[in-house]
Amino acid sequence: MVCIRVGTHQPRSHAIVKLIAKLSELLAGEFRGAEIELDQAPPAQKVAGFLVWSGFEGMEQLKRQDRLWRVLKKGLSKNEQLQITAILTVTPEEWAVSKEA
């Protein structure tokens, strides 16, 4: 099951809403069972978020980001890629620890 959360702390442009929807669909298709949390990164018209996936277990952060960006480069235009500021890649265990802190 994929859990997708979109933050609500700021007003979003139509373009950002569309990009978040496209990103969510792209990530959900590639990272089955992932928890995806995306939002607009203030103050810019960019997207940031988290990709929580058990498939990252035992994988170094650099390899996680490489896998993520291979998917993003394949599924997004260059302009859309430039609108992503950061998507952090974590395991469910890492996510749980960060929520406790």
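This is a conversation between two colleagues about a predicted model of one protein chain.

Colleague: Let's start with the overall layout. Which elements does the chain have, and how do they run?

Modeller: There are 4 helices and 4 strands, and from the N terminus on they follow the order β-α-β-β-α-α-β-α. Of the 101 residues in the chain, 37% are buried.

Colleague: What makes Lys22 and Glu80 a salt bridge?

Modeller: Their side chains come to 3.0 Å, N to O, and the cut-off between a Lys or Arg nitrogen and a carboxyl oxygen of Asp or Glu is 4 Å. The distance of 3.0 Å is within that limit, so the pair qualifies as a salt bridge. Lys22 belongs to helix α1 (residues 14-30) and Glu80 to helix α3 (residues 78-82), so the bridge ties together parts 58 residues apart in sequence.

Colleague: Why is Glu80 called buried, and why is Lys22 called partly exposed?

Modeller: Buried means under 20% relative accessible area, and exposed means over 50%. Glu80 has 18%, so Glu80 is buried. Lys22 has 36%, which lies in between, so Lys22 counts as partly exposed.

Colleague: How many salt bridges does a search of the whole structure find?

Modeller: The search finds 2. Besides Lys22 with Glu80, the side chains of Arg64 and Glu94 meet at 2.7 Å, N to O. That pair links helix α2 (residues 61-75), where Arg64 lies, with helix α4 (residues 92-100), where Glu94 lies, 30 residues apart. Arg64 is buried at 5% relative accessible area, whereas Glu94 is partly exposed at 35%.

Colleague: Now to α1. How do you know that its length agrees with what a helix should span?

Modeller: At 1.5 Å a residue, the 17 residues of α1 should span 24 Å, and the end C-alpha atoms are 25 Å apart, which agrees.

Colleague: What makes one side of α1 the buried side?

Modeller: Ile16, Leu19, Ile20, Leu23, Ser24, Leu27 and Ala28 are buried in α1. They cover an arc of only 155° around the axis, so they sit on the same side of the helix. An α-helix has 3.6 residues a turn, so residues three or four places apart point the same way. The face turned away from the buried side carries the exposed residues His14, Lys18 and Glu25.

Colleague: Which residues have the most contacts inside the largest nonpolar core?

Modeller: They are Leu23, Leu27, Phe31, Leu51, Leu72 and Ile87, in a core of 20 residues. At least two core residues come from each of α1, β2 (35-41), β3 (46-52), α2 and β4 (84-90). The largest share, 6 residues, is supplied by α1.

Colleague: And what does Leu23 touch, leaving aside its neighbours within four places in sequence?

Modeller: Leu23 is in contact with Leu38, Val47, Leu72, Leu76, Ile84 and Ile87. For the chain as a whole, among contacts between residues at least 6 apart in sequence, 68% join residues at least 24 apart.

Notes. Residues numbered from 1 in each chain as written. Predicted model: local features only at pLDDT ≥ 70, side-chain atom pairs only at ≥ 80, totals over all residues. Heavy atoms only, no water. Buried < 20%, exposed > 50% of the residue type's maximum accessible area, 1.4 Å probe, protein only. Expected span 1.5 Å × (residues − 1). Arc of directions from axis to C-beta. Core = buried A, V, L, I, M, F, W, Y, C linked by side-chain atoms within 4.5 Å. Contact = heavy atoms within 4.5 Å.
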